[in-house]
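Please look over the chains below before reading on. The report after them describes how some of their parts are arranged.

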Amino acid sequence: MTTTTRIAAVTGAVGSARTRVEGRDKVTGAARYAGEIPFAELAHGWLVLSTVARGRIRSVDDAPVLAMPGVLTVLHHGNAPRVETDYVGMLGRPNPVLGIFQHDRVPFVGWPVALVVAETSEQAREAAEALVVRYDEEPHDVAFFAGHPSAYTPQDNPMLQAETEKGDVEAQLDASPVVVDEEYTTPEEHHNPMEPHAATARWDGGRLDVVDSNQGSTWVASELAQLFSLDPASVRVRSEHVGGAFGSKGLSPHQVAAVMATTVLHRPVRVVLTRRQMFSLVGFRSPTAQRIRLGADADGRLRAFDHQALSLTSTVHEFIESSAVLGRVMYDADAHHTLHRLVRLDVPTPAWMRAPGEAPGSFALESALDELAAKCGMDPIALRARNEPETGPVSGLPFSSRNVLACFEEGARRFGWADRDPRPGLRREGRWLLGTGTAAATYPSGVGPSTAAVTAESDGTFTVRINAADIGTGARTAMTLVAADALEVDPDRIRVRIADSDLGPAMFAGGSMGTRSWAWAVTVAADELRERLSPGGGIPPEGITARSNTAEAIGALAKKERHSFGAQFAEVAVDVATGEVRVRRLLGIYAAGTIVNPLTARSQFIGGMTWGLSMALHEEAIRDRASGGHVGADLAGYHFAAHADVPLIEADWVDDPVPDDPVGIKGIGEIGVVGVAAAIANAVWHATGVRHRDLPIRPDRVLRAADGARHRAAEGARNA
Amino acid sequence: MAPSTSSAITLNINGEKYTLPVDHRTTLLDALREQLDLTGTKKGCDQGQCGACTVLLDGRRAVSCLQLAVAAEGRAITTIEGVADGERLHPVQQAFLDLDGYQCGYCTPGQICSALAVIEEHAAGWPSAVTDDVRPDAGVPALTAEEIRERMSGNLCRCGAYVSIVQAVAQAAEAAGAEVKEAAL
Amino acid sequence: MREFGYERAFDVSGAVALLGADPDARFLGGGTNLLDLMKAGVERPALLIDVRELPLDGVELTDDGGLRIGATVTNSDLAAHPEVRRRYPALAQAVLAGASGQLRNMATVGGNLLQRTRCGYFTDLSKPCNKRAPGSGCPALTGEHHNHAILGTSEHCVATHPSDMAVALAAFDAVISYETADRPGELPIDEFYLPVGETPHIETALPAGALITGVTLPQAPVAIHSRYRKVRERASYAFAIGSIAAALDVQDDVVREVRLAYGAVASRPWRARAAEQVLIGSPASAEAFAAAADAELAAAEALPENGYKVTLMHNLVVAVLTALTEEAAR
């Protein structure tokens, strides 16, 4: 059965700007996040992490620590409860780091080796710092670089097909009059949500109750149930407010540690990560080394397309940063090849980080397109228009909707692109060289099965129950608007309850799939409820509830290429004497289906673009080869953009109807990031004439490039 | 004799007196959050590197994570819970709400406390790092977007809400009588 | 963080007496660096003596037209002070370029002078560091050092001093006053900070048990035409990768007097006396500025990843002196 639902502007709620329903709580400090809910008899856990990159734990000297003031227990591999890690969860097999304290092996710096629990956080911290753990250290390798001799092509990875191939790339490259063949690198990057990960676990009437900060309580509850061999119905996970996540807030060792400790101590235990601990425990974006080869006719038509991306993974788990997937959607060619390769190093397992794959991949690919445009003497937008595919370049499937050219057209008009002189290095204002650049953006529009319940209350209000997560996206507000339209009532009559695994299974907030998935389920339930409510009929005290489950309808969805698209524009100023780069303007125009709440949607797009700016200029975690750990694992050592770095950013959208789609909503949480770093790098080239193929574009790199350019110019003068 | 490592102190917070025992190691931030149930002040880094824990001490903004609770005795402390006038939001809070100057909301209390101080500091004639001429004869710089951004830079926002935060600060500053340049709005 | 005692001092002699000769006691000013280091385990005091309420929070004109700045003056008050802004604008700019509005409200002048390096090895107990654990080695030499020192380094340490304020103070010949249990004393800033040599863990010449009470800036008319420029990897709220405090007096296109000090290139604020000597009496031209910059940087010893700082400082000297020359001509 295919259920066709409808998100039309019946009451006009969807599509109208509305401030956040929890906004007042957030601006008054009343909104409580995971570490802020009081519990009687609360104990505080502090994780102890390994200081060696590879080896075995020889001893955990817990006796002196147990004698310290307030210390309640020290959990480690010698005494911790056993957990089950041999299962397949919502996202495949669990990361072995969840199996904390189960054995003596250490696979990276920052692996959890103990949890110290004490009466107060000060006592726990001091005791954790005092705990002496001895190791038998083994040689380690944390060095990531292009051409690493141990690189391999992943086989049968459940998340991603590593390689796609069509035609003879080498032959087409040989036959191409214009060729770009360049290497690009992006560094290790970290999510760093403002709220550190925090969880409080307790046993409550035979049920495990976890107050958490996560992207999906269904997901976290089901993983905890499997790890601790519990009946899923006996696990409740709540996550009312989440202080940012960006892919890092699924299940991590701290929740497992909290559950272990509460089980041992029979009292509530809270474990909060420190900022430094977050650098090794909650995932990160792998560094990438990417090679792109483009072969084109003189008019820019692509004959050969080859995108090869190397990233790293840990020795215990396989994760692929899917950098080379963009070409499978964006550009066709007579011969087409995309490939992901991995190298296993003694580091933590990377994870999804806002626009995984697309963020680093688009830096490389959209920079290469710009290089090709310059070589062809073409406008970068015209080059993209020339290569606009009819169907999915690899799948051959039709697009559900594809309005990337409309984005470029609208963006070019608003940005003033037509007046641009394409030649680099010509514009100066005081000490600054100015330039502009552009790039395309795309991100998949996925969906996951969800259940929802909508209740007509006897007082004339409605309650929507959906286990969504609001990680800053405005999910509560969006579901209010979606339900208002489906129920044909004013949004003020709707109350939305989210972020509680007892509400029933639902998609997590990830992969830009949340709003689309939840809106579908809410609309189906609301539609049914509306049909059941007879005009003028009474409502019993317990209300009338309709429920939905979208699993079947999602399974029946026609196979198509479903994506959001966009066009990014950047203007930069570069001082080549000091290496400083300032972004003066960013504009993003998107085609992303129905925009539910223009106010919060604009914030999300702009937030994503701010990430792109930050990625272009600032972000980089530095790993120390000698120790295998980070240097400067904090917010002074790991820079992301501050207020002063971020100019006026504008985001807007074009109409993007999706004719056969039952929801019409696409994801918007990640596409804002995609292409921005390339647009900025392309603008830096336009300003200075120097290509930056390594991120971030730090002052030292700009200075070295300027030195190099001077050197080359001097050599050229000598040779002339 | 080893010195005592804890004290009974009285803190003046949002005009109310709180008497509590503190371990000397306890920061003002942890005392607020873990002992006084004033959880509106947020812990983002605990190292003075993010600004999420910003409060006002004697009317001036400070990061409460690097302020020992015991050393805060005798000072007037204002937290986010003390910013609104009863049910009526402070104009800075209202501007953040109206202009969507946040997303996840975690840095928001710190941003708002910082914004209150930015408006005061500007009114007092303090220059900033982007003030072209800091000499007193040059007068008070107008609150351009650039000035607001520099002055707010001690408050990181990972969601990337800076654009609307700056607009909210500009709107509230203008309402408070500051000279705000068009560019900020 | 281990447990510690806390005492609040209300006068200088009381503070000094409380500290006594206890090597495990520390003065607590704004706490913005000390508390952070305590959380990292780098500092583990048994006793903190809170000096914030000492009567050292004034900024006064001296008889010769200089300034005397109390040790507990906050960075914010220093930068906002009309006489600082009028007489030593580069000092106000340097302070404003540091940290954030919140931290400047807390941080004191005395504490700022005693800031420890932000080298990532120094603040991480799991790694070797000669400054923190003498003799353990310097991993920055072969590890991460793209923001480390190029001047006055040794094979034992290449960390930089993080203060912006101290760079301007160095340019203006600040004298640091202190009290010990026995006597008051003074140290010119050049002698206050010690060369790295073989003892990177000994950073200043301050006697044991001494409390910094203030900083005196001698009268310096040249300072009226001064400027601080800071380059960093974020537009704000970041430590410098290179900075400069400069003051210039040009008459008839000839340099009469000049002050130059660099930040983020050495273990201490780096007074560029070699460059100053080249400039005195020379024409105020970009060529002369470049030659002066090169004279100072001839002694630079770069590691593989921080050689760009030589270019950066060269360019900063030329840019800032050129700007000051143009400003004077207006």
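## Basis of the description

This is a predicted model, in which local features need pLDDT of at least 70 and side-chain atom pairs count only at pLDDT 80 or more, while totals for chains, interfaces and linings use all residues. Residues are numbered from 1 along each chain as its sequence is written, and chains are lettered from A and ligands numbered from 1 in the order in which they are written.

## The sheet of chain A

Chain A holds an open sheet of 7 strands in the order E3-E5-E1-E12-E9-E10-E11, with mixed pairing. Strands (E, at least two residues) and helices (H or I, at least four residues) are DSSP runs numbered from the N terminus, and two strands pair if DSSP finds at least two bridges between them. At the edges, strand E3 (71–76) and strand E11 (235–238) of chain A each pair on one side only, and the twist from one strand to the next averages 20 degrees.

Within this sheet, strand E1 (residues 43–49) and strand E12 (residues 269–272) of chain A pair in the parallel sense over 3 bridges, and A:Ala43 has A:Val269 as its bridge partner in E12(A). Helix H6 (residues 253–265) of chain A lies across E1, E3, E5, E9, E10 and E12 of chain A, running at about 30 degrees to E9(A); such angles run from 0 to 180 degrees between N-to-C directions, with axes fitted to C-alpha atoms, for helices over the stretch in contact.

## A hairpin and a helix pair in chain B

Strands E1 (residues 6–13) and E2 (residues 16–23) of chain B pair in the antiparallel sense over 8 bridges, with B:Ile9 standing opposite B:Leu20 in E2(B). The hairpin has 2 residues between its strands, and B:Asn14 takes a positive phi near 50 degrees there.

The axes of helix H2 (residues 91–98) and helix H5 (residues 162–175) of chain B come within 8 Å and cross at roughly 145 degrees. In this pair, B:Pro91, B:Val92, B:Ala95 and B:Phe96 of H2(B) meet B:Ala168, B:Gln171, B:Ala172 and B:Ala175 of H5(B), where contact requires C-beta atoms, placed from the backbone, to lie within 7 Å.

## The two domains of chain B

The domain assignment of chain B gives domain 1 (6–82) and domain 2 (91–184), such bounds coming from an automatic or database domain assignment. The C-alpha centres of these domains of chain B lie 23 Å apart, and their contact takes 14 residues from domain 1 and 12 residues from domain 2.

Methods. Contact = placed C-beta atoms within 7 Å.
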